[in-house]
Amino acid sequence: MRLYVPHGLLLMVVLLFPDTNCFRICSYNIPQFNTAKSSDYNIIHTLTQVLTRCDVSLLMGVQELAALKPLLAALNRYSEKYTYEPVSSKALGTDPKNLEHYTFIYRTQTVNLTGEHQYQSADFVRPPFAVRFQSNKTHVPDFVLIPLHSEPTKAVQEIDKLYDVFMEVYEKWENQNVMFLGDFHAGCAYVTRADKKDIRLFSNTSFSWLISDRMDTTVTDQMDCPYDRMVVYGTSFLQQIKPFSANVFNPIKTFKLQPSWLVKVSDHYPLEVELKSSVTLPHASPLYFLLLILHFLYLTL
Ligand SMILES: *[C@@H]1O[C@H](CO)[C@@H](O)[C@H](O)[C@H]1NC(C)=O
Ligand SMILES: *[C@@H]1O[C@H](CO)[C@@H](O)[C@H](O)[C@H]1NC(C)=O
Ligand SMILES: *[C@@H]1O[C@H](CO)[C@@H](O)[C@H](O)[C@H]1NC(C)=O
């Protein structure tokens with residue numbers, strides 16, 4: 001009996017203190033993120049709670065780069081361990097009143113930004129802005145993130161054209177560790193089951209869709225649509241992804257928010273996925289190490 005108690009205790013404490021060594025990539029569409037929206041303290045607070053969970057986050061819907069200032073300030077105030085930096089595309093879009101900057105926010109202590117590439121093509125309303133990252137926290141030496149915030153009515157065509165973006169990026173950086181992420185509008189009326197045969201990212205089995213058709217990435221109860229997605233190319237990157245870690249993150253449950261309030265931030269949920277960490281536990285987590293010592297003392301005393 002005596003042997004089992006500390007095990008239970010250890011397990012309980014480990015569960016209470018989630019693995020902080022994981023490497024998390026997130027994606028969040030925040031519609032109309034402008035200076036008016038980012039001057040709302042409550043919105044910034046919720047975004048800070050969501051984004052400080054992630055090593056790299058893709059933000060969509062950023063209309064004004066100045067809107068990022070209060071967000072970055074809050075992230076860097078809130079986090080004791082990490083410094084967050086943004087990298088943004090130029091203003092993209094066809095309607096001058098509705099331009100967006102793809103923006104990635106990343107922790108400078110856990111990732112290095114090693115490349116940026118703006119895809120040039122009239123095939124997209126907001127052509128992908130690919131970024132390349134390197135992190136000693138993961139097993140993958142470096143990886144490429146390709147974002148897409150699709151135009152709803154052109155979703156099928158734009159998702160299909162991601163294949164061409166993949167080929168260009170692959171040739172440019174000779175890197176196959178590619179993840180596509182963002183609000184693809186890949187569901188409900190915009191992308192139907194019959195449309196899938198026209199999308200190379202679906203028909204070519206080298207691409208793995210981490211967020212399934214059954215998931216609901218929208219906040220409202222009226223809609224169940226898997227609009228937001230994460231897709232990975234090849235097996236080497238896929239093997240570095242923690243099984244079942246690709247998910248819709250629900251801030252309502254985790255931070256006990258009202259759905260009617262959360263929609264002021266976004267009508268989408270954030271997505272997240274974890275990469276396997278290259279850091280060994282005792283080295284990385286002093287807490288875990290301490291618990292092992294306590295566990296040992298408990299057994300020997
Ligand atoms: C990883 O990089 C960070 C930031 O440059 C550095 O502080 C850390 O010591 C590195 N870790 C390893 C295991 O090399
Ligand atoms: C970033 O790059 C520097 C220089 O190559 C390296 O020393 C450092 O460990 C890298 N940081 C991370 C987090 O991988
Ligand atoms: C899928 O795409 C990859 C990368 O371009 C290519 O090498 C492979 O031949 C394609 N597979 C099929 C079945 O078309």
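Which helices and strands do the buried residues of α4 pack against? That was my starting point today.

Some ground rules before I dig in. I'm working on a predicted model, where local features need pLDDT of at least 70, side-chain atom pairs count only at pLDDT 80 or more, and totals for chains, interfaces and linings use all residues. Residues are numbered from 1 along each chain as its sequence is written, while chains are lettered from A and ligands numbered from 1 in the order in which they are written.

**Helix α4.** I looked up residues 68-78 and found Leu 68, Leu 71, Ala 74 and Leu 75 listed as buried (20 or more other C-beta atoms within 10 Å of the residue's own, C-beta atoms being placed from the backbone; exposed is 12 or fewer). They cover an arc of only 130 degrees around the axis, so they sit on the same side of α4. The arc is taken from the directions from the helix axis to the C-beta atoms. My opening question is settled: the buried residues pack against α2 (35-38), α3 (41-51), β2 (56-62), β3 (84-88) and β4 (101-107). Contact here means C-beta atoms within 7 Å. Helices are DSSP runs of H or I, at least four residues, and strands are runs of E, at least two, numbered from the N terminus.

**Positive phi.** I noted Phe 244, with phi near 65 degrees, in the loop between α7 (235-238) and β11 (247-248). Phe 244 is exposed, with 9 other C-beta atoms within 10 Å. I also noted Lys 256, with phi near 50 degrees, in the loop between α8 (251-255) and α9 (259-265). Lys 256 is exposed too, with 7 other C-beta atoms within 10 Å.

How values were computed:
Contact = placed C-beta atoms within 7 Å.
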